[in-house]
Amino acid sequence: LLGWLIYHHIVRPAWITTLPPLIAELLTLVESAALLTAVIIFAIVMWRAQNKKRLAAHAVTTDDLYALSPVAFERYVAGLFRKKGYKVKVRGRSGDHGVDLELERAGNRRAIVQCKRYRNAIGPDIVRELFGTMIHEGVHHAFLVTTADISPAAREWAADKPMTLIDGIMLVRIAESLKSTKTT
């Protein structure tokens, strides 16, 4: 786009003046639309980078985490796992079968993570689903990471299983403890 704008407006080839008025006007309209699109994309990228810096710079709250989009929340959680030394593969999308992140640690031990950006407490049904997904995926461990509370019934159900349940308060504590750690 930049090359075309320079070519069209600075070099000013002679053939442009021979274009019919309708085509010249259409060309100007396409150039304007492309330039506006580029400016909007640049603004969005800058806004997202600023939000990421803001989130990293101040004490994170559960409200901050809930304010993230579902995809941004998954990526934030992925960053925390990377800081803890895991290799992380982001899988979350429509049809992910309950697996948002796939983790691997030394010894090729795999785990899965389900991220829930919820306000209401997580019940045992979600934990049971995650356990079924863990077995289906053939992994050694499962993590449930949420912005909400986790009900006592859900914690009791997961107590003797290879699962780690991380509620919003614990997630904030983990994020704070990892603030000084560099992301790998």
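Colleague: In which helix is the place of I10?

Modeller: This is a predicted model, in which local features need pLDDT of at least 70, side-chain atom pairs count only at pLDDT 80 or more, and totals for chains, interfaces and linings use all residues. Residues are numbered from 1 along each chain as its sequence is written, and side-chain values use heavy atoms, with hydrogens and water left out. Helices are DSSP runs of H or I with at least four residues, strands are runs of E with at least two, and both are numbered from the N terminus. The stretch of residues 2–11 holds I10, and this is helix α1.

Colleague: Which strands stand at the edges of the sheet?

Modeller: Five strands form an open, mixed sheet in the order β1-β2-β3-β4-β5; two strands pair if DSSP finds at least two bridges between them. Two of the strands have a single partner each, so one side of each is left without a neighbour in the sheet: β1 (87–90) and β5 (163–166).

Colleague: How many bridges join strand β3 to strand β4?

Modeller: Strand β3 (residues 109–116) and strand β4 (residues 141–146) run parallel. In this pair, K116 stands opposite T146 of β4. The number of bridges joining β3 to β4 is six.

Colleague: Which helix packs on the sheet, touching β3, β4 and β5?

Modeller: Contact means heavy atoms within 4.5 Å, and angles run from 0 to 180 degrees between N-to-C directions, with axes fitted to C-alpha atoms, for helices over the stretch in contact. The direction of the helix, residues 124–137, makes about 150 degrees with that of β3. The helix is α5.
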